[in-house]
Amino acid sequence: MRRKKTIRVRAGIALCLTLALALLAGPARAGVDPVKDYPELDYINITQALLGLNRLRPDNDDYLDAYAMAVHCDVVAGSYRDEFRWKRAREAIKEYIKLKKDRLPTRLGVRSEIMFTRYDFDSKYFLFSPETQLTKVNTFTSNARTNSPGCTGVQTKLLPSYYMVVTNNPINLPGLRLTEEEARDLAQKFADQKNTRRLAWIRFLIDIIEAPIIGPSMLADRGIGDNRMLVKATLYAIEFFSDPYYRRRFYIYYPY
């Protein structure tokens, strides 16, 4: 009886080791994680992520107004000129922050395109075309802060003009590592779609992790103005899709 128990324990340890090695392997096929929707890496969503991480602290009216102008421009445009309506709107935005702050997403997506060339039988990589190679990719720049009428008050200068997101794990990926059978299947799918350029769609999934403090605190960066702000992040994964709607994923790469 004791011997059977020992065998089961050893088998369990072996299974755990196998799973651990699989998790550490880095690249993975499409079925590991379900396809999800992620907010785009843009000015509003980065600002929201920094709010969720407590790096943006709109703790007085000026910073609250700056946040509202950047993220809730539609509310500002409809209320700001009337000080009585704006007083009520401020209270509503404060309540929104209390309810949403801890649930704001910090994983954002960057969509792009990539082209494949040919399968390399020696390295087992289905190579990317030279013009779309992923070489030392670690910087993603947001769009600019809004300049919509009604949302360009002096308070907006308390926020940066745009964000530069830099990941701590630069990616160097010559192509996708596939077996010959997998590569043949992918090439056939390109042919069936009459996709002679072998074009695919990719999405970088980026975790926002750190930035200077924005707010009335003594620790805050006072020199933001119309400058960019450096935001630190980690590249979580790169997804590969066969459609521009980002629904049919055929590969996911984890850079670790």
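Which residue in β3 is the bridge partner of D120?

1. The partner of D120 in β3 is Y125. Strand β2 (residues 107–120) and strand β3 (residues 125–128) pair in the antiparallel sense over 3 bridges; two strands pair if DSSP finds at least two bridges between them. Strands here are DSSP runs of E with at least two residues, and helices are runs of H or I with at least four, both numbered from the N terminus.

2. A note on the model. This is a predicted model, in which local features need pLDDT of at least 70 and side-chain atom pairs count only at pLDDT 80 or more, while totals for chains, interfaces and linings use all residues. Residues are numbered from 1 along each chain as its sequence is written, and side-chain values use heavy atoms, with hydrogens and water left out.

3. The hairpin of β2 and β3 has 4 residues between the strands, and K124 takes a positive phi near 70° in this hairpin. Strand β3 also pairs with strand β6 (residues 175–177), again in the antiparallel sense and over 3 bridges. There, F126 has L176 in β6 as its bridge partner.

4. Next, the aromatic rings. Rings of Phe, Tyr and Trp (its six-membered ring) pair if their centres lie within 6.5 Å; planes under 30 degrees apart count as stacked, over 60 as edge-to-face and the rest as tilted. By this rule there are 13 aromatic pairs. One of them is Y43 with Y163: the centres are 4.8 Å apart and the planes stand at 35°, so the pair is tilted. This pair links distant parts of the chain, since Y43 is in helix α2 (residues 43–52) and Y163 is in strand β5 (residues 162–173), 120 residues apart.

5. Are Y43 and Y163 buried or exposed? Buried means under 20% relative accessible area, exposed over 50%, and partly exposed in between (1.4 Å probe, protein chains only). Y43 is buried because its relative accessibility is 2%, and Y163 is buried because its value is 0%.

6. The rings of Y80 and W86 have centres 5.3 Å apart and planes at 75°, so this pair is edge-to-face. Y80 is partly exposed at 32%, whereas W86, at 4%, is buried.

7. One aromatic cluster is formed by F116, Y119, F121, F126, F128, F190, F240, F250 and Y251.

8. Two arginines sit over rings. A charge counts as over a ring if NZ of Lys or CZ of Arg is within 6 Å of the ring centre and within 35 degrees of the ring normal. The charged end of R107 is 3.6 Å from the ring centre of Y236, and R111 lies over the face of Y246 at 4.3 Å from the ring centre.
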